Amino acid sequence: MKVDLIIHNCNLIATMASGGRPKRGKEMNDAGIVTNGAIAIKNGKIRYIGKSDEIMNGVTSNSYVDAYGGIVTPGFVDPHTHPVFVHTREKEFAMRLAGATYVEISKAGGGINSTIETTKNADFELLLKLAKQRIRRMISMGTTTLEAKSGYGLDTESELNQLSVIGALQFSLPIDIVPTFMGAHEYPMEYKNDHAAYIKILTEEMIPAVVEQGIAKYCDIFTEAHVFNIEESRHVLLFAKAYGLKLKMHADEIEPMGGAELAAELRCTSADHLGAASEKGLIAMRNANVAAVLLPATLFSLGAKSYAKGRFMIDSGLIVALATDYNPGSCNCDSMPMVMTLACLKMGFTPIEALAASTINAAYSIGMADHKGSLEVGKDADLIIWDIPSLDFIPYHFGSSHIFKVFAKGELVHRA
Ligand SMILES: [Zn+2]
């Protein structure tokens, strides 16, 4: 048997193997370790995985990569990002530190509306160039699959433009990108007092156009007291579902308003944030196999005192995933290793649980667990070679990178 590539001399491979299922409860602490391992890759997929000497003796290859005794993990799956926008908002960060409130920032020309204003009329090429730069940084941090949302246009034309940018990113970058339509990110200024009119546009104009063009897999909505309430969310999501889109929610981030319960009722693929979700809602999510995507970097960036009940969720058997929530406002973090650190320090995850939540469970939360998120025969060869002594080192030593090489579908996409 001849393959395209063998990665050998791996001190340890954390396969995160799960047979294509997400990990729950105690399974999250099982990294599926292979010591002194190697991985044989053909046509971008894993053909063999096992002991280095067995694979080196039994399989020939066109090329070889020496891991120099490093550690190999699956590439990160980042299942919640907002990378398509024009300007960054570090000025607001400084204003927040100086004590400015959300309303004051908004009045000074900041906030989500400032992002919508510049992104809405931006041309395709500019948005593509900027998003590509951002995602290249994510790749250098080990991300090999991500979900990306529209939602900084809030009219049909600009939402479609942003989704086309996400489609073009998929073609021009070497990793897989899952597109999500998020026209329900906020009410446009002109509809602040007429929600029904905007919901009519969302359901009668935007969702049909998005589906007709086939440029989104998911429909997401911001369900929160100051944005879309439960009834409005149910209405929009049921519409999207009827049109064949899969569902996601930004739910119960700040106030417990029944978002988790609604995600369970509608069988969403995931509900994200959940900083204030009720335990009853979380248990309903568990029973409905709705992934809980937690975004601790957002709460960290906002200086929050409390975090989502990650420990409770894992112990209760929910499918728990982690994401960066990369966006220009509340969280300008593109590093999944940093998110792992915060999950450990702020929500009581073990390092291996944080790794499971960033790989196989994150893949489940965007419908990709059958070919992403773990190192198993037949799956895409998306992986990271780390220059670290143990898996615990990933969240332990935060703030700098220990990544030696990143591969996506068997191709080298980043080297230190
Ligand atoms: Zn978000």
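Helices α7 and α8 are roughly parallel to each other, because their angle falls under 35 degrees. The model is predicted: local features need pLDDT of at least 70, side-chain atom pairs count only at pLDDT 80 or more, and totals for chains, interfaces and linings use all residues. Residues are numbered from 1 along each chain as its sequence is written, and side-chain values use heavy atoms, without hydrogens and water.

Look at the helix pair. α7 covers residues 195-213 and α8 covers residues 230-242. Helices here are DSSP runs (H or I, at least four residues), numbered from the N terminus. The two pack at about 10 degrees, with axes 10 Å apart. Axes are lines fitted to C-alpha atoms over the stretch in contact, and angles run from 0 to 180 degrees between N-to-C directions. Contact means heavy atoms within 4.5 Å. From α7 come His195, Ile199, Leu202, Thr203 and Ile207. From α8 come Glu232, His235, Val236, Phe239 and Ala240.

The largest pocket holds about 840 Å³ of space. Its lining has 35 residues, and Tyr102, Glu253, Ile254, Leu302 and Ser330 lie nearest its centre. Helices α2 (90-97), α3 (102-107) and α11 (296-301) each give two or more residues to this lining. α3 gives the most, with three.

The second largest pocket has a volume of about 440 Å³. Among its 29 lining residues, Cys331, Asn332, Cys333, Ser335 and Met338 are the closest to its centre. α13 gives the most to this lining, with four residues.

Methods. Angles under 35 degrees count as roughly parallel, over 145 as roughly antiparallel, 65 to 115 as roughly perpendicular and the rest as oblique. On a 1 Å grid over the protein atoms alone, a cavity is a set of points where a 1.4 Å probe fits but cannot get out, and a pocket is an open set with protein on both sides within 12 Å along at least five of seven lines; lining residues have an atom within 4 Å of a point. Grid points are joined across faces, edges and corners, and a volume is the space filled by probe spheres set on the points.
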